[in-house]
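Dear colleague,

Please find the structure below, handed over for your files.

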Amino acid sequence: MDIYLLPAAMRELPPPWHDLTYRRSQALEALAPTEERREQARHVLRACLPDRRQSVHDWDEELRDFYGDRDDHTLDEADAWLTRIMPTTSQVTRERVVQVVGAWADLGIPTVPEPPTEQWVDRVAAEWAASVRQALASDAFAFIERATTAGSLNEGEAEDVALLAAAFVRVGVAVEAAVRVLVSLGRPRGEQALRELVNDDEVRDFRPYVRSRLLGLRRSVYDVRAREASRDEEPLLPEGLQGLPYSWQNDFGWGATAPDSHSLAQARSALEAGLTVERVPDDAQMCSDAPADCSAIAEVVRALMPYPRLVTRERMNQAWRECQSLGFEFPGMDAEAFAKVWCTRIADRVATAVFRWLADVPHGGGAAGDKEPAVLSATALWAAELADRCVRCGSAVQEAIWFLHRTDDVPGSREALARLAFDPSLPVTTRNAAQEWPP
């Protein structure tokens with residue numbers, strides 16, 4: 001007796017949902033998302049939703065790994081046999097998988113054992129069934145997304161869709177399509193569902209993706225806050241940094257700012273102010289052990305405080321609460337420590353931008369067409385001393401050393417490099433960079 005690989009609800013899906021060939025997608029694209037068809041799409045989702053979490057491993061992953069995606073003809077032919085023998089959901093059975101495996105063996109598919117074992121057939125059957133669930137659910141979510149984008153869903157439908165989408169994310173099936181639907185639902189319904197998911201341990205490895213899409217929905221909230229004046233708030237950065245007009249969105253870059261007495265004085269003031277910012281221990285700076293997570297935290301802080309003048313106690317506390325609501329955990333760190341970490345990082349980013357700009361400023365006599373030559377020439381003296389200090393406190397180390405190498409025709413820069421190169425208290429990598437900058 002043959003064994004069905006899909007539940008009865010999936011085997012009995014109406015057309016075009018029962019079709020496992022390319023014709024299903026074509027038919028769905030031609031259908032208007034009427035209320036009746038939207039209900040049908042939700043029925044498909046309920047039918048495809050497994051009762052426990054699944055690890056969706058597409059049937060052809062091992063084959064693609066073997067070929068390295070070089071032999072498209074073999075992959076396409078192997079894929080075609082699945083839907084040739086099982087063109088509808090009611091025909092997805094173990095016996096038909098055995099037929100497919102036989103066809104693959106005849107094709108010389110290298111991943112098929114000789115002879116095919118029962119365990120290998122069972123694995124292919126399970127992976128194919130999971131792939132069918134994923135494909136049908138993805139198409140159903142895409143169909144519903146068309147309706148949400150057009151504003152066609154009523155309140156009851158929107159609530160049902162949000163619940164279904166969250167359920168699929170939790171079981172790890174059609175995750176991207178489900179999250180896209182939640183994003184299309186917008187605020188507050190879609191946002192609330194995404195917030196619950198990002199704080200749910202069941203989401204596991206999908207959390208960074210869910211969080212990234214939630215951040216997109218929250219962006220408008222951050223932008224509104226960033227436009228608010230900060231006159232009644234407590235600044236956290238020293239005055240030399242507060243006055244900078246450059247945006248974090250551009251990495252505090254100075255761009256084509258002309259090197260005149262005003263801009264050079266501003267650069268010096270910014271570097272000196274940055275050195276007064278309290279440095280936090282290295283271990284406290286690790287907000288997360290995942291680079292993607294640190295990037296997401298930085299996105300929140302940057303969006304709420306795009307300019308140094310907006311770095312205030314109130315906004316840092318808001319960023320702290322926002323990151324916690326996004327599912328971030330900060331063991332051993334409170335809001336005050338969080339603020340210190342990010343004030344240090346902002347000061348370091350500003351120093352990085354200043355040294356990059358200074359490295360391109362001419363420092364010899366007669367620089368910039370003899371415009372303020374004394375000011376430009378004097379720049380190398382204080383800039384070299386500040387670069388030395390920044391390296392020693394661990395701020396913008398690479399850029400400071402790069403600046404010193406770029407200006408090594410100036411005695412002050414050469415002397416600073418010599419001190420750094422042979423100071424045993426500095427890390428070996430820092431000493432080596434001071435001795436010889438890699439080409």
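Helices (H or I, at least four residues) and strands (E, at least two) are DSSP runs, numbered from the N terminus. On that basis the protein has 21 helices and zero strands. Please note that this is a predicted model, in which local features need pLDDT of at least 70 and side-chain atom pairs count only at pLDDT 80 or more, while totals for chains, interfaces and linings use all residues. Residues are numbered from 1 along each chain as its sequence is written, and side-chain values use heavy atoms, with hydrogens and water left out.

Overall picture

A residue is called buried under 20% relative accessible area, exposed over 50%, and partly exposed in between (1.4 Å probe, protein chains only). Of the 439 residues in the protein, 48% are buried. Contact means heavy atoms within 4.5 Å. Among contacts in the protein with a separation of 6 or more, 73% are accounted for by residues 24 or more positions apart.

Helices α11 and α15

Two packed helices are described by the angle between their axes and the distance between the axes. Here, axes are lines fitted to C-alpha atoms, for helices over the stretch in contact, and angles run from 0 to 180 degrees between N-to-C directions. Helix α11 (residues 207–226) packs with helix α15 (residues 313–325) at an angle of about 170°, and their axes are 12 Å apart. Helix α11 is therefore roughly antiparallel to α15, a term for angles over 145 degrees, whereas those under 35 count as roughly parallel, 65 to 115 as roughly perpendicular and the rest as oblique.

On the α11 side the contact is made by R218, Y222, R225 and A226, and on the α15 side by E314, R315, Q318 and E322. These residues divide into two nonpolar, one polar and five charged. In this grouping Ala, Val, Leu, Ile, Met, Phe, Trp, Tyr, Cys and Pro count as nonpolar, Asp, Glu, Lys and Arg as charged, and the others, Gly among them, as polar.

A salt bridge is a side-chain nitrogen of Lys or Arg within 4 Å of a carboxyl oxygen of Asp or Glu. R218 forms one with E322, with the closest N and O atoms 2.9 Å apart. This pair links distant parts of the chain, since R218 is in helix α11 and E322 in helix α15, 104 residues apart. Both R218 and E322 are buried, and the relative accessible area of E322 is 7%. Apart from its neighbours within four places in sequence, E322 is in contact with R195, R218, Y222 and V300.

Helix α10 (residues 189–198) is mostly covered, as seven of its ten residues are buried. The buried residues of α10 are G190, E191, A193, L194, R195, L197 and V198. Their cover includes α8 (155–171), α9 (175–185), α11 and α15.

Other salt bridges

A search of the whole structure finds 40 salt bridges. E39 and R42 form one of them, their closest N and O atoms being 2.5 Å apart. Both residues lie in helix α3 (residues 35–48), three residues apart, about one turn of the helix. E39 is partly exposed at 34% relative accessibility, whereas R42 is buried at 8%. A network of salt bridges links R38, E39, R42, R46, E157 and D160.

S152 is placed in the loop between α7 (118–149) and α8. Leaving aside neighbours within four places in sequence, S152 is in contact with R38, A147 and E157. The C-alpha atoms of S152 and R38 are separated by 9.7 Å, although the two residues are 114 residues apart along the chain.

D388 and R419 also meet in a salt bridge through their side chains (3.0 Å, N to O). D388 lies in helix α18 (residues 373–393) and R419 in helix α20 (residues 411–421), so the pair ties together parts that are 31 residues apart in sequence. D388 is buried, with a relative accessible area of 6%, and R419 is partly exposed, with 40%.

Cysteines

A disulfide is taken as a pair of cysteine sulfur atoms within 2.5 Å, and by this rule the count comes to zero. The closest cysteine sulfur to that of C390 is in C393, 5.4 Å away, which is too far for a bond. C390 is buried at 2% relative accessibility, and C323 is buried at 0%.
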